[in-house]
Amino acid sequence: MAPEYVVHGHLTEKADVYSFGVLILEIVTGQRCSSGVGAQAGQFFLAKIWNHYKAKTVGKIIDRSLYEDGVKDEILHVVHVGLLCTQATPGYRPTMAKVVELLRSNRDQEDLIPTEPPFLDVLVTENQEEDNSVDSYWLLRIKSQFTDPEGVLENWSSGADICSWNGIRCSENLTHVVSLNLSQSGLSGLISPDFSYLVSIRVLDLSSNSLTGSIPPQLGQLQNLEELYLYSNSLSGKIPAEIGLLKNLQVLRVGDNKLTGEITPQIGNLKELRVLGLAYCQLNGSIPVEIGNLKHLKSLDLQKNSLSGLITEEIHNCRELQIFSASNNRLDGEIPALMGKIQALEILNLANNSLSGPIPIELGSLFNLQYLNLLGNRLNGEIPSELNQLSQLQSLDLSKNNLSGTFSILNTQNLESLVLSDNLLTGEIPSNLCVNNSNLQKLFLDQNKLTGKIPTQLLNCSSLRQLDLSGNSLGGEIPSGLDSLENLTDLLLNNNSFTGTLPSEIGNLTTLETLFLFHNSLTGRIPTEIGKLQRLSILYLYENQMSGSIPRELTNCSSLAEIDFFGNHFTGSIPATMGKLKNLVLLQLRQNDMSGPIPPSLGYCKKLQLLALADNRFVGSLPPTFRFLTELTLITLYNNSFEGPLPESLFLLKNLTFVNFSHNRFNGSIYPLSGSSSLIKLDLTNNSFSGPIPSRLANSRSIIRLRLGHNLLIGNIPSKLGQLIELNFLDLSSNNLTGEVAPELSNCKQLDHLLLNDNQLTGTIPSWLGSLQELGELDLSSNKIQGKVPAELGRCSRLLKLSLHSNNLLGEIPPEIGNLISLNVLNLQRNNLSGPIPSTIQQCRKLYELRFSENFLTGSIPSELGKLTELQVILDLSRNQLSGEIPSSLGNLMKLERLNLSFNQLQGEVPHSLGKLTSLHMLNLSNNLLHGQLPSAFSGFPLNSFLGNENLCGSPLISCLGSSGSERKWLSDKAVAGIIVAIVFTSTLICLVMLYIMLRIWYKWRKVTISSLDSGGNEHKREDEKWVCGDEKKKWNGEYWKVNFMALVPSQEKQISTTTGIFHHKMNTGSMENTLV
């Protein structure tokens, strides 16, 4: 008979196939399955055949009358088919039609390989009188599937009584195993399907092991199973639907595994189920409506999965349900109002889902409810007053929702925990929040919009242990009667608007452990009474306006582990008795007005891990007692006036990870800080450290930021820094470092900032810099670097700033610079670069600062520069040998603030488009060959912005030549040459006329003289008076010079204009014509 029928009474369609397989095996062996002898499984009928089959010795058990040479292969094939028919799992057996096909084919099919038979033929015949031997057999097979490192199953052997085996409990008559508990046994391996043969088992517990694989569907055959515990393993796959066959199952706990898929709806068939635990898996889909069929269900735990969709309303049919937890899923929609009908419900946890809508008022009918948690959803509306009817409620958490309006939780006699944090609640804190005999221990109203003062009635909650009112808009003073909360351990009033001083009564809260008052407007001193808080562990007063010195009494709080006074106005020095705080882990005093030296006793706070004293006025050197701070991981002392060398004993601080001593007056070697191999950030900028950079710093392989700039360090860059493969910020600027850039730095592939400027580095710019794909800032300026700018820099696609100025670079600017499409700043000034400006620079569309000045660049200014519309800070091309005209496209640079094109050989007119640069406030076009009229928008710039351009005019230069009301026209070189020829010709003609007149005068004078000699003195006198009459002489001479004056210099005003125009080669043709008429 088929094993499924013998063991479970299941008659499947493959039972006949099994019987047929046994029959043909009996035929070919000549034996009956009931005739086996011996107790060993290997001697049983099917076992014997199987073992020979596996050993390929089937011929030894074949009937000799059939086993002839001619039919051996056919006989072996029949055995193969018989084993296929007798497989333990019905689904593996072929159909009868397939069996007939296989027998006719006379050959084995490679894809059909038989699995091990169940061996039940002997177990159900010869051993009927020893039922527990059946269980023993299967348990030994199950044992073989497990790995048992702790030896829990060592006494599982055939020689021992099965009822004495570990984890086994037998029936009262000792004939069957009814319970197997192997919980927390350290087992690993798979859950064997052979468990299905333990037909009498009622409890199976394999929880809290390391089992893997899937849940065997064969477990569905255990009809007597009542409790199944498989939780806390590493089981995967889906929950098999066959679980729904376990009609007597009352407890199913398979949570805390890696189960996936949807919750099988067949679970709804488990009508006797009381406990269903599927939490902490990876289940998805929705909660099946069939859950509503589980009328006796008391506990449903679905939390920490990926369940989605709505909460099925059918769950209200589970009227005996006491615990429902579906937190940390993806459930959405509204909370079903019908849940109010589950009167037995004691725990309801729907936290951290995406539930929306209002809280249903029907929940106020759950009179047995003790725990209600709806935190982390999207619930809105007001908190229903009906919740006050839940007289048994002990814990209510509605935090992290969108609840609004005021609230009034009045019935708090049994309520121990009330959490309404992270909502939109408004109004004041209810004054009647605490009733007589209140048991309220936890009150969290933080992160809301509550206003007003702390009500004095709240101080009646003497049972309160935790009070969190932080993150509201509460104001007024902290009530002095706060000490009536005598059981308070945690007081959080931070992030409000409290004013006034910290009341001295705070010292009466002797049970206080945590005090958060930061981010308020508290003033005054820290009361000395605070020293009475012996249990105080955390004291945060940062971001207030408190002043005065830190009281010495504070060091009496022996439990203090964390002190944070950041951002106040505390003065004075650190208390000399600070070393009494033996438990101190954090001391944060940054951004105060404290002064004086660090007390040596601080070194005796041996648990100190975080020390922040930055942004104060501390002085002196570091005390040698710091050598005791061996657990120190972070120390920030920047922006103080510390001085002197570092104590050599700092080398002993092996746990240092973050160190910032920048902006002090330290000197000497930095070697004492190289003792730690755990450094992540080291910043020593702006001090006077000297000596070489220690190679030991490379031992901190996790360092990401190393800043040693603005010191007096000397020597080469250590090659071992190339071992810092996590380094992203290296600042060695403004030192006296020499040598070349260490090639080993090419291994630092994470470098984002490389600052080596203002040193004395030599050599060339290494081409391997192009392999630093993360590089965002490269500054090699102000060194003695020579050679060309390597084209490989164009590979640094994330580069934002490239500064190579003030070196001895030569050659052309590589066009690959245009590949730096993220570049913001490009500074190549003060080098010996030559050649043209590459037009590919247009691809750097994010440039806002471009400096190429003081080089030997030639050619014209590329018009493509007009595409750099983000240029803002400056465009400086001055002191080069650029020629050609200024491209009008520069008028597109609307954000540009400074433009310097001076000291070049630029020609042509100044483009009028430049006048549209409304953001321009510095302009220098001086010392070029520009001509023409300046745009009127440039009139506000100083005169020296345009000097050195001889033919340039217009405001602020002298006005250009032109007639009133007419447009000025500038003369070409040919017109100017014609005017000069005309002037020379006219001058020559005038000279000839004057010579002719003088000759005439001389001739007449000569004639008169001769006449006088002939006629006498009187005649001579009369003739002389006739030609040289005063009036006529004056008139004649006047007319002559008047003509001459009008011809050459018509008036003083026109003389100035003409002279100026000729000097600048820009004489107005029309004006000259008027002058010469």
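This is a predicted model: local features need pLDDT of at least 70, side-chain atom pairs count only at pLDDT 80 or more; totals for chains, interfaces and linings use all residues.
Switch to a cartoon view and you can look for 12 helices and 63 strands. Colour by accessibility, and 49% of the 1077 residues come out as buried. If you draw the accessible surface, its area is about 48300 Å², with 49% of that belonging to carbon and sulfur atoms.

**Stop 1**

Select Leu23, Ile27 and Leu66, which make a nonpolar surface patch of about 250 Å². Leucine 66 sits in the loop that runs between helix H3 (45–55) and helix H4 (72–85). Its relative accessibility is 33%, so leucine 66 counts as partly exposed.

Now step back to H3 itself. Which residues are buried in H3? Select Phe45, Leu46, Ala47, Ile49 and Trp50 to see them. Just after H3, pick lysine 56 and check its backbone: phi is positive there, at about 60 degrees.

**Stop 1**

A search of the whole structure turns up 11 salt bridges, and the next selection is one of them. As a general point, an α-helix has 3.6 residues a turn, so residues three or four places apart point the same way. Glutamate 101 is partly exposed at 43% relative accessibility, and lysine 98 is also partly exposed, at 24%.

**Stop 3**

The structure holds 2 disulfides. Select cysteine 163 and cysteine 170, which are joined with an S to S distance of 2.1 Å. Is this link left-handed or right-handed? The torsion about the S-S bond is -110 degrees, and the link of cysteine 163 and cysteine 170 is left-handed. Cysteine 170 is buried, with a relative accessible area of 12%.

**Stop 2: the loop at glutamine 266**

Centre on glutamine 266, in the loop between strand S10 (258–259) and strand S11 (275–277). With 31% relative accessibility, glutamine 266 counts as partly exposed. Its side chain makes a polar contact of 2.5 Å with the side chain of threonine 264. Leaving out residues up to four places away in sequence, glutamine 266 touches Ala241 and Gly244. Draw a C-alpha to C-alpha line from glutamine 266 to glycine 244: they are 4.7 Å apart in space and 22 residues apart in sequence.

**Stop 5**

Select aspartate 731 and arginine 707, a salt bridge with its closest N and O atoms 3.2 Å apart. This pair links distant parts of the chain, with aspartate 731 in strand S46 (residues 729–731) and arginine 707 in strand S44 (residues 705–707), 24 residues apart. Aspartate 731 is buried at 2% relative accessibility, whereas arginine 707 is partly exposed at 22%.

While you are colouring by accessibility, pick two cysteines as well. Cysteine 748 is buried at 0% relative accessibility, and cysteine 796 is buried with a relative accessible area of 0%.

**Stop 6**

Go to glutamine 829, in the loop between strand S53 (825–827) and strand S54 (832–835). Is glutamine 829 buried or exposed? Its relative accessible area is 7%, so glutamine 829 is buried. Leaving aside neighbours within four places in sequence, display its contacts: His805, Ser806, Arg851, Phe852, Ser853, Asn855 and Asp876.

Arginine 851 and glutamate 849 are both buried.

**Stop 3: the other disulfide**

Finish at cysteine 953 and cysteine 960, joined by a disulfide with an S to S distance of 1.5 Å. The torsion about this S-S bond is about 100 degrees, so the disulfide is right-handed. Cysteine 953 is buried at 7% relative accessibility, and cysteine 960 is buried at 4%.

Definitions and conventions:
Residues are numbered from 1 along each chain as its sequence is written. Side-chain values use heavy atoms; hydrogens and water are left out. Patches are made of residues with over 30% relative accessible area and no salt bridge: like charges are joined within 9 Å, nonpolar side chains (Val, Leu, Ile, Met, Phe, Trp, Tyr) within 5 Å. Accessible areas come from the Shrake-Rupley method with a 1.4 Å probe; for residues, only the protein chains shown count as cover. A salt bridge is a side-chain nitrogen of Lys or Arg within 4 Å of a carboxyl oxygen of Asp or Glu. Helices (H or I, at least four residues) and strands (E, at least two) are DSSP runs, numbered from the N terminus. Buried means under 20% relative accessible area, exposed over 50%, partly exposed in between (1.4 Å probe, protein chains only). Contact means heavy atoms within 4.5 Å. A polar contact is a pair of N or O atoms within 3.5 Å; within protein, one must be able to donate a hydrogen and the other to accept it, and residues adjacent in sequence count only if both atoms are side-chain atoms. A disulfide is a pair of cysteine sulfur atoms within 2.5 Å.
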